[in-house]
Amino acid sequence: PEGGLKKPAAKNVIVMISDGWGYNHLEAASYYEYGKDARQIYNRFPFQFAMSTYSYYCSYDPALAWSDFEYVKSCYTDSAAAATAMAAGIKTYDAAIGVDVDGLPVPNALELAEAKGKATGVVTSVEWSHATPAGFVAHNVHRDNYDAIGQEMVNASAADVIMGAGHP
């Protein structure tokens, strides 16, 4: 650090997920809106990174993805496995919410933050017990168990805020 001063620790961390997005979508949006690449506000964020979110039983080979369209239509991941990969840092099977390939709960980022005394939450534009928000809060062997996932999110999770859509 300049002048020997330490940078203060981050006070807040906000993870924004555009479900299903990748770098090519961002590039296409820039070209559509501005006629040039790297013009979206996201391109100016001070911290950016990429991660793989494919399912445990799959893989990703970019050369095959570009050379064989059928390859990208096979073994694609779903939002539950992808959210679990992002929130817990492990690969799991499609439809899994916060559990490993054996169906056992794994700690997620919100639980780790709560253990450090941080306030946490999820805000979504979809039903709040849906795969992506639930992957950061709940643990369930199947993403379609909305009732059980919702009950866990409200009654058993440490999340301080849960907001989203859906009825009821």
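Predicted model: local features only at pLDDT ≥ 70, side-chain atom pairs only at ≥ 80, totals over all residues.
Biologist: Okay, on to the cysteines. Which residue does the disulfide join to Cys-58?

Modeller: Searching the whole structure turns up 1 disulfide. Its two sulfurs sit 1.6 Å apart, and the cut-off is within 2.5 Å, so the pair counts. The partner of Cys-58 is Cys-75.

Biologist: How many residues apart are Cys-58 and Cys-75?

Modeller: This pair links distant parts of the chain. Cys-58 is in the loop between α1 (23–34) and α2 (62–67), while Cys-75 is in the loop between α3 (69–72) and α4 (79–88). They are 17 residues apart.

Biologist: Is the link of Cys-58 and Cys-75 left-handed or right-handed?

Modeller: You look at the angle about the S-S bond for that. Here the angle is -75 degrees. The link is left-handed.

Biologist: What is the phi of Cys-75, roughly?

Modeller: Cys-75 is not a glycine, yet its phi is positive. Ala-38, in the loop between α1 and α2, also has a positive phi, near 60 degrees, and is a residue other than glycine. For Cys-75, phi is about 60 degrees.

Biologist: Let's talk rings. How many aromatic pairs does a search of the whole structure find?

Modeller: Rings pair if their centres lie within 6.5 Å. Ring pairs also link Trp-21, Tyr-42 and Phe-45 into a cluster. The search finds 4 aromatic pairs.

Biologist: Are the rings of Phe-47 and Phe-49 stacked, tilted or edge-to-face?

Modeller: Their centres are 5.6 Å apart, and their planes are at 50 degrees. Planes under 30 degrees apart would be stacked and over 60 edge-to-face, so this angle falls in the remaining class. The pair is tilted.

Biologist: What about Tyr-56 and Tyr-57: stacked, tilted or edge-to-face?

Modeller: The centres of these two rings are 5.0 Å apart. Their planes are at 85 degrees, and the cut-off is over 60, so the pair is edge-to-face.

Biologist: Is Tyr-57 buried or exposed?

Modeller: Tyr-56 has a relative accessible area of 46%, so Tyr-56 is partly exposed. Tyr-57 has 60%. Exposed means over 50%, so Tyr-57 counts as exposed.

Biologist: Which residue's charged end sits over the ring of Tyr-54?

Modeller: To count, the charge has to be within 6 Å of the ring centre. Here the distance is 3.8 Å. The charged end belongs to Lys-91.

Biologist: Which residue's backbone oxygen does the side chain of Thr-84 reach?

Modeller: Thr-84 is in helix α4, and its relative accessible area is 0%, so Thr-84 is buried. Leaving out residues up to four places away in sequence, Thr-84 touches several residues, among them Gly-89, Ile-97 and Val-99. Its side chain reaches, at 3.2 Å, the backbone oxygen of Ala-96.

Biologist: Last one: is Arg-143 buried or exposed?

Modeller: Arg-143 lies in the loop between α6 (131–134) and α7. Not counting residues up to four places away in sequence, Arg-143 touches residues including Asp-78, His-130 and Ile-149. Its relative accessible area is 15%, so Arg-143 is buried.

Technical notes
Residues numbered from 1 in each chain as written. Heavy atoms only, no water. Helix = DSSP H or I, 4+ residues; strand = E, 2+ residues; numbered from the N terminus. Phe/Tyr/Trp six-rings, centres within 6.5 Å; stacked < 30°, edge-to-face > 60°. Buried < 20%, exposed > 50% of the residue type's maximum accessible area, 1.4 Å probe, protein only. Lys NZ or Arg CZ within 6 Å of the ring centre and 35° of its normal. Polar contact = N/O pair within 3.5 Å; in protein donor to acceptor, adjacent residues only side chain to side chain. Contact = heavy atoms within 4.5 Å.
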